[in-house]
Amino acid sequence: MSGGIARGRLAEERKAWRKNHPHGWRPAITVKQILVGIQDLLDQPNPADPAQTDGYQLFIQEPLEYKRRVRQQAKQYPQII
């Protein structure tokens with residue numbers, strides 16, 4: 001599943017959760033799809049809908065520094081298998 005599709009599915013799930021919560025909500029996507037969606041959002045943030053102002057400003061004004069910091073965070077918190 002591509003990241004764009006995963007991101008769309010995440011948005012659909014959020015809408016369904018808001019509409020139906022707390023009764024009747026059932027997850028329709030897998031953990032893998034959620035993680036792919038998160039990875040896609042980190043790799044290609046949506047500048048039209050920033051979740052964090054500081055990160056947004058850095059992404060827009062200094063994209064190379066933004067990427068450097070993302071890589072630094074990935075090294076600081078490596079994947080545990």
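Of the 81 residues of the protein, 12% count as buried, a term that denotes under 20% relative accessible area, with exposed meaning over 50% and partly exposed the range in between (1.4 Å probe, protein chains only). The model is predicted, and local features therefore require pLDDT of at least 70, side-chain atom pairs count only at pLDDT 80 or more, and totals for chains, interfaces and linings use all residues. Residues are numbered from 1 along each chain as its sequence is written, and side-chain values use heavy atoms, with hydrogens and water left out.

The protein has four helices and zero strands, and along the sequence its pattern reads α-α-α-α. Helices (H or I, at least four residues) and strands (E, at least two) are taken as DSSP runs and numbered from the N terminus.

The largest pocket has a volume of about 1200 Å³. Among its 30 lining residues, those closest to the centre are Ile38, Leu41, Leu42, Pro45 and Tyr66. Two or more lining residues come from each of helix H1 (3–20), helix H2 (31–43), helix H3 (53–61) and helix H4 (63–76). H4 gives the most to this lining, with eight residues.

On a 1 Å grid over the protein atoms alone, a pocket is an open set of points where a 1.4 Å probe fits, with protein on both sides within 12 Å along at least five of seven lines, and lining residues have an atom within 4 Å of a point. Grid points are joined across faces, edges and corners, and the volume is the space filled by probe spheres set on the points.

Val31, Ile34, Leu35, Ile38 and Leu42 make a nonpolar surface patch of about 460 Å². A patch of this kind joins nonpolar side chains (Val, Leu, Ile, Met, Phe, Trp, Tyr) within 5 Å, from residues with over 30% relative accessible area and no salt bridge. Accessible areas come from the Shrake-Rupley method with a 1.4 Å probe. Leu35, placed in helix H2, counts as exposed because its relative accessible area is 53%.

How many salt bridges are there? The count comes to two, where a salt bridge is a side-chain nitrogen of Lys or Arg within 4 Å of a carboxyl oxygen of Asp or Glu. Arg68 forms one with Glu65, their closest N and O atoms being 2.7 Å apart. These two residues both lie in helix H4, three residues apart, about one turn of the helix. Glu65 also meets Arg69 in a salt bridge (2.9 Å, N to O); this pair, again within helix H4, is four residues apart, about one turn of the helix. Arg68 is partly exposed at 41% relative accessibility, and Arg69 is partly exposed at 43%.

Two further pairs relate positions separated along the chain. Lys67, in helix H4, is partly exposed at 46% relative accessibility. Its C-alpha atom is separated by 8.8 Å from that of Asp43, 24 residues apart along the chain. Pro47 lies in the loop between H2 and H3 and is partly exposed, with a relative accessible area of 35%. The C-alpha atoms of Pro47 and Ile60, 13 residues apart along the chain, are separated by 7.6 Å.

Note on methods
Patches are made of residues with over 30% relative accessible area and no salt bridge: like charges are joined within 9 Å, nonpolar side chains (Val, Leu, Ile, Met, Phe, Trp, Tyr) within 5 Å.
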